[in-house]
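Colleague: I would like to learn how to read a few features from a set of coordinates. Could we go through one case together?

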Amino acid sequence: MNFSFVPYINYGAEIGYKWIGFGIENQSGTGRFQDMISTVMNRIDGVETDAAEAVKVRYKINSLRFYLAFRF
């Protein structure tokens with residue numbers, strides 16, 4: 001299990017005519033995840049770990065979606 005705060009940036013556009021629309025949306029963000037299990041177990045055991053010893057993994061998240069919208 002990992003935990004992190006990941007800020008996302010969302011942007012997109014939609015073209016619509018009367019009751020139908022077509023759109024595109026992109027979502028991107030970067031986060032540095034830290035291992036939750038080892039952090040909790042070290043705190044229970046009373047072991048202090050440095051930030052350099054903690055296992056951190058950096059992820060870059062990017063998603064693109066196309067959608068079709070119907071408005072009634």
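**A hairpin and its surroundings**

Modeller: K18 lies in the loop between β2 and β3, where strands are DSSP E runs of at least two residues, numbered from the N terminus. This is a predicted model, in which local features need pLDDT of at least 70 and side-chain atom pairs count only at pLDDT 80 or more, while totals for chains, interfaces and linings use all residues. Residues are numbered from 1 along each chain as its sequence is written, and side-chain values use heavy atoms, with hydrogens and water left out.

Colleague: What is the phi of K18, and is K18 buried or exposed?

Modeller: Phi of K18 is near 55°, a positive value in a residue other than glycine. Buried means under 20% relative accessible area, exposed over 50%, and partly exposed in between (1.4 Å probe, protein chains only). With a relative accessible area of 67%, K18 is exposed. The hairpin of β2 and β3 has two residues between the strands. W19 is also found in the loop between β2 and β3; W19 is partly exposed, at 48%.

Colleague: How many bridges join β2 to β3?

Modeller: Two strands pair if DSSP finds at least two bridges between them. Here ten bridges join β2 to β3, and the strands run antiparallel. E14, for instance, stands opposite G23 in β3.

Colleague: Why does β2 lie largely in the open?

Modeller: Strand β2 covers residues 8-17, and the number buried among its ten residues is zero, so β2 lies largely in the open.

Colleague: Where does N26 lie, and which residues is N26 in contact with?

Modeller: N26 lies in strand β3, residues 20-35. At 13% relative accessibility, N26 counts as buried. Contact means heavy atoms within 4.5 Å. Leaving aside neighbours within four places in sequence, N26 is in contact with I9, N10, Y11, N62, S63 and L64. The side chains of N26 and Y11 are joined by a polar contact of 2.6 Å. Such a contact is a pair of N or O atoms within 3.5 Å; within protein, one must be able to donate a hydrogen and the other to accept it, and residues adjacent in sequence count only if both atoms are side-chain atoms.

Colleague: In a regular strand, how do the side chains alternate?

Modeller: In a regular strand, side chains alternate between the two faces of the sheet.

Methods:
Helices (H or I, at least four residues) and strands (E, at least two) are DSSP runs, numbered from the N terminus.
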